[in-house]
Amino acid sequence: MPEHPDGRPLSELMIDPDTRPPLPQLDNVTDDQRQAGRHLAAIHKHYLMDLARIAQIMAQIEAGETPPADLAHIVLHTEMAQNFAAAGTLCGQQCWALTMHHNIEEQSIFPQLQTRGSKAVRTIVDRLRAEHEVVHALLKRLGKAAEGLTETPRAKDFTETRAIFDQLVTVVQSHFHFEENALAEALGVYQVDI
């Protein structure tokens, strides 16, 4: 794979769940306070469904299959080069959406938790921000690969884009799961606007 601006190989853009801080212990949390955490989980579920849909399309392209009729409007045509280009466009769109989601967390949710939260919650926020850096490095790399795939659709570039995408999915799933569990109660307890 080509050298990337951050200099790290793809294999280093991972999250180690074993180094995460313990979940905060909050007392007397009400069901209403847990609602904000459920809302965040619902938002994450939407992104994960989009990622799963893109993975399905990429697997069909990789297998040389014609996409099903209901996905034809996304993939455009059945010729492999056009499918590669469409996969690049889909990956680019998902990069933008996930970046916007993390920007909202970084600029609104996390500052509220840093100000109002306990030390344990602030430690969680610090870890989530560090994980965002990994996700953003992957998004940047995927965006660049997707752009290249859209401009010059080649099998080799599709393979690289697929590897980055698969790694992004693994990291995002782990990150979302941790974030949902760690903030499930804190968002409501500390009255964070999401």
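Colleague: Let's start with contacts in the chain between residues at least 6 apart in sequence: what percentage join residues at least 24 apart?

Modeller: That's 80% of them. Keep in mind that this is a predicted model.

Colleague: Okay, and how many helices and strands does the chain have?

Modeller: Six helices and zero strands. Going along the sequence, you'd read the pattern as α-α-α-α-α-α.

Colleague: What makes α4 and α5 roughly antiparallel to each other?

Modeller: Look at the angle. The axes of helix α4 (residues 119-151) and helix α5 (residues 155-183) cross at roughly 160°. Angles over 145 degrees count as roughly antiparallel, so α4 and α5 get that label. Their axes come within 9 Å, and the crossing is left-handed.

Colleague: Which classes of residue make up the contact of α4 with α5?

Modeller: There are 19 nonpolar residues, plus four polar and five charged.

Colleague: And why are α1 and α5 called roughly antiparallel?

Modeller: Helix α1 (residues 31-62) packs with α5 at about 165°. The cut-off is over 145 degrees, therefore α1 and α5 are roughly antiparallel too. Here the axes are 10 Å apart, and α1 passes α5 in a left-handed crossing. The contact of α1 with α5 divides into 16 nonpolar, four polar and four charged residues.

Colleague: Now a single residue. How do you know whether Gln94 is buried or exposed?

Modeller: Check its relative accessible area, which is 5% for Gln94. Buried means under 20%, so Gln94 is buried. You'll find Gln94 in helix α3 (residues 80-116). Leaving aside neighbours within four places in sequence, Gln94 is in contact with Tyr47, Asp50, Leu51 and Ile54.

Colleague: What share of the chain is buried?

Modeller: Buried residues make up 44% of the 194 residues.

Definitions and conventions: Residues are numbered from 1 along each chain as its sequence is written. This is a predicted model: local features need pLDDT of at least 70, side-chain atom pairs count only at pLDDT 80 or more; totals for chains, interfaces and linings use all residues. Side-chain values use heavy atoms; hydrogens and water are left out. Axes are lines fitted to C-alpha atoms, for helices over the stretch in contact, and angles run from 0 to 180 degrees between N-to-C directions. Helices (H or I, at least four residues) and strands (E, at least two) are DSSP runs, numbered from the N terminus. Angles under 35 degrees count as roughly parallel, over 145 as roughly antiparallel, 65 to 115 as roughly perpendicular and the rest as oblique. A crossing is left-handed if the near helix is turned anticlockwise from the far one by less than a right angle, and right-handed if clockwise. Ala, Val, Leu, Ile, Met, Phe, Trp, Tyr, Cys and Pro count as nonpolar, Asp, Glu, Lys and Arg as charged, and the others, Gly among them, as polar. Buried means under 20% relative accessible area, exposed over 50%, partly exposed in between (1.4 Å probe, protein chains only). Contact means heavy atoms within 4.5 Å.
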